[in-house]
Structures are given as C-alpha cells and as structure tokens.
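Thanks for sending this one over. Here are my notes, in the order I'd read them with the model open.

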Amino acid sequence: QEKAKTEAHGGAACAAGAPSPAGIQATKARHVGVTSDELHGDYKPLNKYAAEPEPSMSCSQSIAAANMVLGAPHLDKVLYELAKVALSKRSSATVQAVLRATGIPESKWNMYLAAVIMYTFDLSLVVLDSKPEDNFYFRLNQVLRERDAAKMAQCGAYLHYLMKGLESLPPFACDANACLWRGVSRHATLSSFPPCTWTH
C-alpha cells in the first residue's frame, strides 16, 4: 500500500490514511461523498454487487429498472444503439479473447459487455442537443455519491452486471511509457482537484 501521496504541485507529501479536515469539507462541498453517519439505510459497497448472484432479469431490463430512479431521457434510443455497439464489439477477435478469459459463460457475454458499454455511452451521439446531465452514467454517478440504499437497491441488478463486467477485465499493465487518460469536463481545472483530498 502506498504510504504517502505527493501533491501535484509543490512536492509536499500527505498521509494516505485520511484526508485533512479541510479536504473533507472541500470534498463534501463538491457533493463528492458523504460521511458514514450521513448514509441512508443499509449501504452496500460497489464491489459487493459483483459477488451477488446473477439477477433474474436481463441487462437491458436491469437498465430500465435502474432508470426508474435515474430518469435518464431517451432510454429507448440508447438501448437501440447499445445493442448495435455490443454486437459490433463482440465480433472483434480481441474482445472475444478478453471475454473468454473472464470465465463468464459465452451465453452471458452480451449482458456484461452491454453493462460496461452503457456506463460509457454518451447520449450526445444520438441526441445532439442533449446535456451532460441527461446521460445515464451521469445520473447513476449522482446516486452512487448520495449512497441512498433504496435507490442503489433499485439499481442493484445493473450494478451487478457493471461491476462484475469491470472486475473481469484484465488489469491495465503499467510500464515506464504507459499513459492512462481520464476524461474530465472542459470546465474542470486543477483547482477542482485539491491536493490531499479524496475524489471518487
């Protein structure tokens, strides 16, 4: 486990065990997380969903069930495109090799593949005038930050497909020349990510 984190600027180190009090307040001010005494109901960590038994509903049904609390618009259009993208990805020999290595039965590949694609799908690809907050993943992230147990339970079947799908992917192999990119809003600045604070 990493003993310390180094600030992006200035080189000062801070303990990785816990963020500073100022960091906690900054984090809460951005609605990034909540403290344990603010959790609503019986909260289940995300990694636990992957270990749950496979839901009786399909992935598309689980998406529709989750959307009952998310309220993301144009779900019919997204599901239509999702099916096409999943079919295209599955036809790739590289993707097939990754799926085969997961140990997931081939008859279930579409479920987990679709769940991961859904979480990365940008609505603006099919609805040009859509807003970022209209995205399924955007609204799901809001629910995950709120950690409302009732809402998360409604999303539970989808979270199983998503988390098991993500956990089944091979790890990113880092080397000296590797580069892993993360997309952020064009309005985001380094001031949005203060050193020594937790963000998720």
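1. Start with helix α9: its buried residues are Gly156, Ala157, Tyr158, Leu159, His160, Tyr161, Leu162, Met163 and Gly165. Buried here is under 20% relative accessible area, exposed is over 50% and partly exposed lies in between (1.4 Å probe, protein chains only). Covering those residues are, among others, α2 (46-51), α3 (59-70), α6, α7 (136-146) and α8 (149-154). Helices are DSSP runs (H or I, at least four residues), numbered from the N terminus.

2. A caution before going on: this is a predicted model, with local features needing pLDDT of at least 70 and side-chain atom pairs counting only at pLDDT 80 or more, while totals for chains, interfaces and linings use all residues. Residues are numbered from 1 along each chain as its sequence is written, and side-chain values use heavy atoms, with hydrogens and water left out.

3. As for its length, α9 (residues 156-168) has 13 residues and spans 18 Å from first C-alpha to last, close to the 18 Å expected at 1.5 Å a residue. That expected span is 1.5 Å times one less than the number of residues.

4. Now look at Met118, in helix α6 (residues 109-120). Met118 counts as buried because its relative accessibility is 1%. Leaving aside neighbours within four places in sequence, Met118 is in contact (heavy atoms within 4.5 Å) with Ile63, Leu75, Val78, Leu82, Phe136 and Tyr158. Tyr158 is also one of the buried residues of α9. The C-alpha atoms of Met118 and Tyr137 are 7.6 Å apart, though 19 residues separate the two along the chain.

5. Which salt bridges would I click on? Arg90 is partly exposed at 21%, and Glu106 is partly exposed at 47%.

6. Two other pairs to check: Glu146 and Lys151 meet at 3.1 Å, N to O, and Lys44 and Glu52 at 3.5 Å. Glu146 is partly exposed at 36%, as is Lys151 at 31%. Lys44 is partly exposed too, at 27%, and Glu52 likewise at 35%.

Note on methods:
Helices (H or I, at least four residues) and strands (E, at least two) are DSSP runs, numbered from the N terminus. A salt bridge is a side-chain nitrogen of Lys or Arg within 4 Å of a carboxyl oxygen of Asp or Glu.
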